[in-house]
Amino acid sequence: MKHSVSHSLGKEMARKVARAALESYAERFAEFKPTTRWKSDDQAAISFTVKGMSLEGGVAVKDSSIDLDLDVPFLLKPFQGKAVAVIDKEIQVWIEKAKRGEIQ
């Protein structure tokens, strides 16, 4: 499952936004055991657990978008939309903070 969140922040600020959003998600939704492993400045492997099953995927920071790609097991397909909506909302919150100058 692929999802893209558009931004107009520039790549460096988008990196900061992605990191802040994923850290915030990990704190707020600790019950889902989220993990993030940055493979490069622009690529992260992510995972979290829902209903005892693990969802894995990646985040890619690009010039005008932050892209998510999650491998969703068949049994968790009904939760796919909710997972994307939560992550998308978290990224949007941090994009708005960056636009207001709250992220340096």
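**Ground rules**

I am working with a predicted model, in which local features need pLDDT of at least 70 and side-chain atom pairs count only at pLDDT 80 or more, while totals for chains, interfaces and linings use all residues. I count residues from 1 along each chain as its sequence is written, and side-chain values use heavy atoms, with hydrogens and water left out.

**Entry 1: the whole chain**

I began with the secondary structure, and the protein chain has two helices and five strands. Here helices (H or I, at least four residues) and strands (E, at least two) are DSSP runs, numbered from the N terminus. Going along the sequence, I read the pattern β-α-β-β-β-β-α.

Next I looked up the dimensions. The C-alpha trace spans about 40 × 25 × 25 Å along its principal axes. The radius of gyration of the protein chain is 13 Å, which agrees with the value near 13 Å for a compact globule with 104 residues. That radius is taken over C-alpha atoms, and the globule rule is 2.2 Å times the number of residues to the power 0.38.

How much of the protein chain counts as buried? I noted 43% of the 104 residues. Buried means under 20% relative accessible area, exposed means over 50%, and partly exposed lies in between (1.4 Å probe, protein chains only). The chain exposes about 6000 Å², and carbon and sulfur atoms supply 52% of that area. Accessible areas come from the Shrake-Rupley method with a 1.4 Å probe; for residues, only the protein chains shown count as cover.

I also checked contacts, meaning heavy atoms within 4.5 Å. Among those between residues at least 6 apart in sequence, 51% join residues at least 24 apart.

**Entry 2: the cavities**

Rolling a probe the size of a water molecule over the atoms shows where empty space is left. On a 1 Å grid over the protein atoms alone, a cavity is a set of points where a 1.4 Å probe fits but cannot get out; a pocket is an open set with protein on both sides within 12 Å along at least five of seven lines; and lining residues have an atom within 4 Å of a point. Grid points are joined across faces, edges and corners, and a volume is the space filled by probe spheres set on the points.

I found two cavities of 30 Å³ or more. The largest cavity has a volume of about 50 Å³. Its lining is made of Leu22, Tyr25, Pro34, Thr35, Thr36, Ile46, Ser47, Phe48 and Ile87. The elements that give two or more residues to this lining are α1 (11-28), β2 (35-38) and β3 (43-50). Which element gives the largest share of the lining of the largest cavity? I wrote down β3, with three residues. By class, I listed six nonpolar, three polar and no charged residues. For these classes, Ala, Val, Leu, Ile, Met, Phe, Trp, Tyr, Cys and Pro count as nonpolar, Asp, Glu, Lys and Arg as charged, and the others, Gly among them, as polar.

The second largest cavity holds about 30 Å³ of space. Ala21, Leu22, Tyr25, Ile87, Glu90 and Ile91 line this cavity, and α1 and α2 (77-99) each supply at least two of its lining residues. I noted five nonpolar, no polar and one charged residue here.

**Entry 3: the largest pocket**

Then I turned to the largest pocket, with about 190 Å³ of space. I found Tyr25, Phe29, Phe32, Phe48, Val50, Leu55, Phe79, Lys82, Ala83 and Val86 along its lining. The elements giving two or more residues are β3 and α2, and α2 has the largest share, with four. The lining divides into nine nonpolar, no polar and one charged residue.

Leaving aside neighbours within four places in sequence, I saw Ala14 in contact with His7, Leu9, Val61, Lys62 and Ile66.

Glu12 also sits in helix α1, but counts as partly exposed at 45% relative accessibility.

My last stop was Lys33, in the loop between α1 and β2. Lys33 counts as exposed at 58% relative accessibility. Most residues other than glycine have a negative phi. The phi of Lys33, though, is positive, near 50 degrees.
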